[in-house]
Amino acid sequence: MNVPENLKYADTHEWVRLDGETATVGITDHAQAELTDIVYAELPKIGRRVAAREAIAVVESVKAASDIYSPIGGTVSAINPALEANPALLNTDPFGDGWLYQLTAENATDLDALKDAAAYRAQIGA
């Protein structure tokens with residue numbers, strides 16, 4: 001199971017990478033493996049304000065639909081347009097081309113509530 005060291009992780013299997021005030025969010029390798037073949041992603045609207053741990057998106061696989069929760073609070077500044085044409089990117093490259101959305105972080109202390117790679121590996125038993 002791939003768990004990059006440079007990311008922070010939510011208990012609900014989302015990851016976040018902060019670059020200045022821009023936070024990129026996606027689902028973890030563990031999450032995509034549990035969902036199996038992802039066939040659709042419903043992404044948030046640009047400009048939407050979201051609180052940490054609020055449901056913000058939905059991904060659907062051949063076996064289930066799953067809510068995606070925002071690991072931190074902020075305002076959505078971009079969505080990944082590639083997912084509309086190819087939602088399978090969430091399976092094949094969850095930490096790269098399969099990112100879900102970006103937001104402008106409102107409170108950097110939200111990151112303090114998230115797990116580092118070691119703690120997330122312990123959570124998933126990897």
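This is a predicted model: local features need pLDDT of at least 70, side-chain atom pairs count only at pLDDT 80 or more; totals for chains, interfaces and linings use all residues.

Q: Why is the pair of tyrosine 9 and tyrosine 120 called stacked?
A: Rings of Phe, Tyr and Trp (its six-membered ring) pair if their centres lie within 6.5 Å; planes under 30 degrees apart count as stacked, over 60 as edge-to-face and the rest as tilted. The structure holds 2 aromatic pairs. For tyrosine 9 and tyrosine 120, the values are 4.8 Å centre to centre and 10° between the planes, so the pair is stacked. Tyrosine 9 lies in strand 1 and tyrosine 120 in helix 4, so the pair ties together parts that are 111 residues apart in sequence.

Q: How do you know whether tyrosine 9 is buried or exposed?
A: Buried means under 20% relative accessible area, exposed over 50%, and partly exposed in between (1.4 Å probe, protein chains only). Tyrosine 9 has a relative accessible area of 0%, so it is buried. Tyrosine 120, with 1%, is buried too.

Q: Why is the pair of tryptophan 15 and phenylalanine 95 called tilted?
A: The ring centres of tryptophan 15 and phenylalanine 95 are 5.9 Å apart and their planes stand at 45°, so the pair is tilted. It links distant parts of the chain, 80 residues apart: tryptophan 15 is in strand 2, and phenylalanine 95 in the loop between helix 3 and strand 9. Both tryptophan 15 and phenylalanine 95 are buried.

Q: What makes arginine 121 and glutamate 5 a salt bridge?
A: A salt bridge is a side-chain nitrogen of Lys or Arg within 4 Å of a carboxyl oxygen of Asp or Glu. Here the N to O distance is 2.6 Å, so the pair qualifies. Arginine 121 lies in helix 4 (residues 117-124) and glutamate 5 in the segment before strand 1 (8-9), so the pair ties together parts that are 116 residues apart in sequence. Arginine 121 counts as partly exposed at 24% relative accessibility. Glutamate 5 is exposed at 57%.

Q: How many salt bridges does the structure hold?
A: The structure holds 4 salt bridges. One of them joins arginine 48 and glutamate 54, at 2.9 Å, N to O. Arginine 48 is partly exposed at 28%, and glutamate 54 is partly exposed at 31%. Another joins glutamate 106 and arginine 49, at 2.8 Å, N to O. Glutamate 106 lies in the loop between strand 9 and helix 4 and arginine 49 in strand 5 (residues 49-50), so the pair ties together parts that are 57 residues apart in sequence. Glutamate 106 is partly exposed at 45%, whereas arginine 49 is exposed at 58%.

Q: Why do strand 4 and strand 7 stand at the edges?
A: An open sheet of 3 strands has the order 4-6-7, with antiparallel pairing. Strand 4 (38-42) and strand 7 (65-69) each have a single partner strand, so one side of each is left without a neighbour in the sheet. Strand 6 (residues 55-61) pairs with strand 7 in the antiparallel sense over 5 bridges. Valine 59 has serine 66 in strand 7 as its bridge partner.

Q: Which residues touch the most other members of the largest nonpolar core?
A: They are Val16, Ile27, Val59, Ile72, Leu90, Leu100 and Tyr101, out of 26 residues. A nonpolar core is a set of buried Ala, Val, Leu, Ile, Met, Phe, Trp, Tyr and Cys residues joined through side-chain atoms within 4.5 Å. Apart from this core lies another, of 9 residues, among them Leu7, Trp15, Trp99 and Ala117.

Methods. Residues are numbered from 1 along each chain as its sequence is written. Side-chain values use heavy atoms; hydrogens and water are left out. Two strands pair if DSSP finds at least two bridges between them. Helices (H or I, at least four residues) and strands (E, at least two) are DSSP runs, numbered from the N terminus.
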